[in-house]
Amino acid sequence: MSQRPQRVLTGITTSGTPHLGNYVGAVRPAIIASRAPNTESFYFLADLHSLIKAQDPARTQRSTLEIAATWLAAGLDPAKVWFYRQSDVPETTELMWLLTCVAGKGILNRAHAYKAAVDRNRADGEDDDATVTAGLFMYPVLMAADILIFNADRVPVGRDQIQHIEMARDFAQRFNHVYGRDWFTLPEAAVDDSVATLPGLDGRKMSKSYDNTIPLFVPQAQLKKLVFSILTDSKMPGEAKSTEGSALFQLYQAFATPDETAGFAAAFGEGIGWGDAKQQLFDVVEREIAPMRERYEDLIARPGDIEDILRDGGRRLRERYAIPLLRELRDAVGLRNLGSAASIPSDAPASARAAPPVFKQYREADGRFYFKLVDGERVLLQSAAFDAPRDAGQTIARLRRGELALADAPATLGDGVDAATVQAAFDALAAADAEKAAS
Ligand code: TRP
């Protein structure tokens with residue numbers, strides 16, 4: 001067990017202008033988490049990812065500035081956490097290529113964002129890949145590089161990102177397997193279901209795509225105007241109001257203490273007028289936002305200072321982690337100084353290199369036939385019983401050719417083994433066969 005603090009890493013896509021929903025759902029909880037003891041936190045602006053969608057240079061620059069200023073204004077402390085810009089750590093893109101070369105294309109085909117684009121094209125009668133860039137397709141590999149380059153243990157994300165973290169684990173496992181060592185920590189997604197999703201002005205989820213947002217740092221007068229435009233029912237002052245399903249109430253709750261919220265609920269029961277309720281909501285939001293807004297305006301006025309903070313974070317991170325890691329990884333994959341002695345010549349017997357996993361077929365005392373997939377001492381997969389050895393052999397062959405899904409196979413995973421490990425073992429076997437065929 002390593003004694004190092006838990007590494008928590010999260011990327012912030014630099015697009016658009018942050019709104020109250022982003023603040024309550026992402027920024028605020030992340031900043032609270034960044035103060036947890038015994039953690040090393042990494043927060044970065046995913047500007048390379050943003051190029052997939054936004055290809056307007058001025059907007060990309062502006063959005064990066066605004067989002068950096070938002071996180072700093074909201075209390076992220078660059079002296080205590082790593083705060084940097086993805087594009088300032090070019091080793092990330094180099095690692096992305098190393099991962100690309102072990103990543104299964106079939107896995108990328110299944111990524112939600114890519115599949116959604118294909119589905120839309122099909123529905124429109126277009127070619128599957130019409131308007132799909134290779135950038136969108138490779139998105140998960142870049143994201144895996146972001147995470148693996150700093151060996152993050154935990155990655156706080158929304159539900160929609162879980163699949164990407166699973167892919168990062170898969171690529172890491174394959175790389176570890178192919179290059180014979182635990183180069184990468186396998187990251188875990190951390191999804192916090194307790195954080196609120198805020199409703200927007202019309203009561204639906206606050207989202208840019210519904211055009212119902214309250215931007216985080218609009219001037220006070222505009223914030224007030226927006227709060228007063230929140231949709232309510234037409235109950236009169238004096239009529240009891242329901243808190244259930246009330247956007248106004250949910251917004252209030254996100255900014256008030258539990259006591260204040262209880263008082264607000266009581267006031268609903270007693271028939272508070274909507275105008276009064278909106279004024280109270282405005283007051284609690286403004287109480288929390290006003291000091292941040294002031295810092296934000298201050299920061300935005302000095303973009304050079306933000307630039308310095310980001311560059312400094314990126315520079316220190318590269319020196320401490322990224323550059324040394326890539327030096328090792330280049331060596332591991334064989335991008336080496338030609339003058340230095342090769343540690344293992346490639347014509348050495350395969351046994352001198354990492355031995356690939358093997359399928360073993362055998363007969364038990366019960367007279368029936370079995371197989372297992374073993375990697376050294378470790379059992380990765382254990383079959384059920386077969387009546388004939390041929391059945392066992394055919395099952396192995398179908399598994400290896402991908403004709404039989406692991407989940408459907410009459411076999412169970414070994415202790416503590418997951419499906420991705422078995423898949424990586426199949427890949428290693430295929431690679432070993434290909435090598436044999438070529439020699
Ligand atoms: N894809 C993430 C999102 O859209 C942003 C992101 C990029 C990210 N790289 C990451 C999140 C690495 C966590 C870890 O929200």
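Which residues of α13 are buried? The model is predicted; its local features need pLDDT of at least 70, side-chain atom pairs count only at pLDDT 80 or more, and totals for chains, interfaces and linings use all residues. Residues are numbered from 1 along each chain as its sequence is written.

**Figure 1. Overview of the chain.** The chain has 15 helices and nine strands. Helices (H or I, at least four residues) and strands (E, at least two) are DSSP runs, numbered from the N terminus. The C-alpha atoms fill a box of roughly 80 × 55 × 50 Å, taken along the principal axes. Of the 439 residues in the chain, 32% are buried. A residue is buried if 20 or more other C-beta atoms lie within 10 Å of its own, exposed if 12 or fewer, and partly exposed in between; the C-beta atoms are placed from the backbone. Among contacts with a separation of 6 or more, 72% join residues 24 or more positions apart. A contact means that the C-beta atoms of two residues, placed from the backbone, lie within 7 Å.

**Figure 2. Helix α13 and its kink.** Helix α13 covers residues 303-333 and has a kink of about 55° centred on R318. The bend at a residue is the angle between axes fitted to the seven residues ending there and the seven starting there. R318 is itself buried, as are L310, G313, G314, L317, A322 and L329. The cover over the buried residues of α13 includes α3, β3 and α4 (91-100). After α13 comes G334, with a positive phi near 100°.

Figure 3. Strand β1 (residues 6-13) pairs with β2 in the parallel sense over eight bridges. Two strands pair if DSSP finds at least two bridges between them. Q6 stands opposite T39 in β2. With helix α1 (residues 20-33), β1 and β2 make a right-handed β-α-β unit. Right-handed means that, with the strands pointing away from the viewer, the path from the first strand over the helix to the second runs clockwise. Strand β2 (residues 39-46) is mostly covered, with six of its eight residues buried. β2 also pairs with strand β3 (residues 82-85), in the parallel sense over four bridges. There, L45 has R85 in β3 as its bridge partner.

Figure 4. The 14 residues of α1 should span 20 Å at 1.5 Å a residue, and the end C-alpha atoms are 18 Å apart, which agrees. The expected span is 1.5 Å times one less than the number of residues. α1 bends by about 30° at V27, and P29, a proline, follows within four residues. V27 is buried; so are L20, G21, N22, Y23, V24, G25 and A30. The buried residues of α1 pack against β1, β2, α3 (57-73), β4 (154-156) and α10 (247-255).

Figure 5. Four strands form an open sheet in the order β6-β7-β8-β9, with antiparallel pairing. β6 (358-363) and β9 (411-413) are the edge strands, each with a single partner, so one side of each is left without a neighbour in the sheet. Neighbouring strands are turned by 25° against each other on average, direction ignored. Axes are lines fitted to C-alpha atoms, for helices over the stretch in contact, and angles run from 0 to 180 degrees between N-to-C directions. β6 pairs with strand β7 (residues 369-375) in the antiparallel sense over six bridges. V358 stands opposite V374 in β7. Helix α14 (residues 389-400) packs on the sheet and touches β6, β7 and β8 (378-383); its direction makes about 35° with that of β7. Helix α15 (residues 419-438) packs on the sheet too, touching β7, β8 and β9, and its direction makes about 95° with that of β8.

**Figure 6. The β6-β7 hairpin.** Five residues lie between β6 and β7 in this hairpin. In the turn, G367 has a positive phi of about 85°. F359 stands opposite L373 in β7.

**Figure 7. Two asparagines with positive phi.** N38 is not a glycine, yet its phi is positive, about 55°. N38 sits in the loop between α1 and β2. N38 counts as exposed because it has 8 C-beta neighbours inside 10 Å. N151, also not a glycine, has a positive phi of about 50°. N151 lies in the loop between α7 (134-148) and β4. With 19 other C-beta atoms within 10 Å, N151 is partly exposed.
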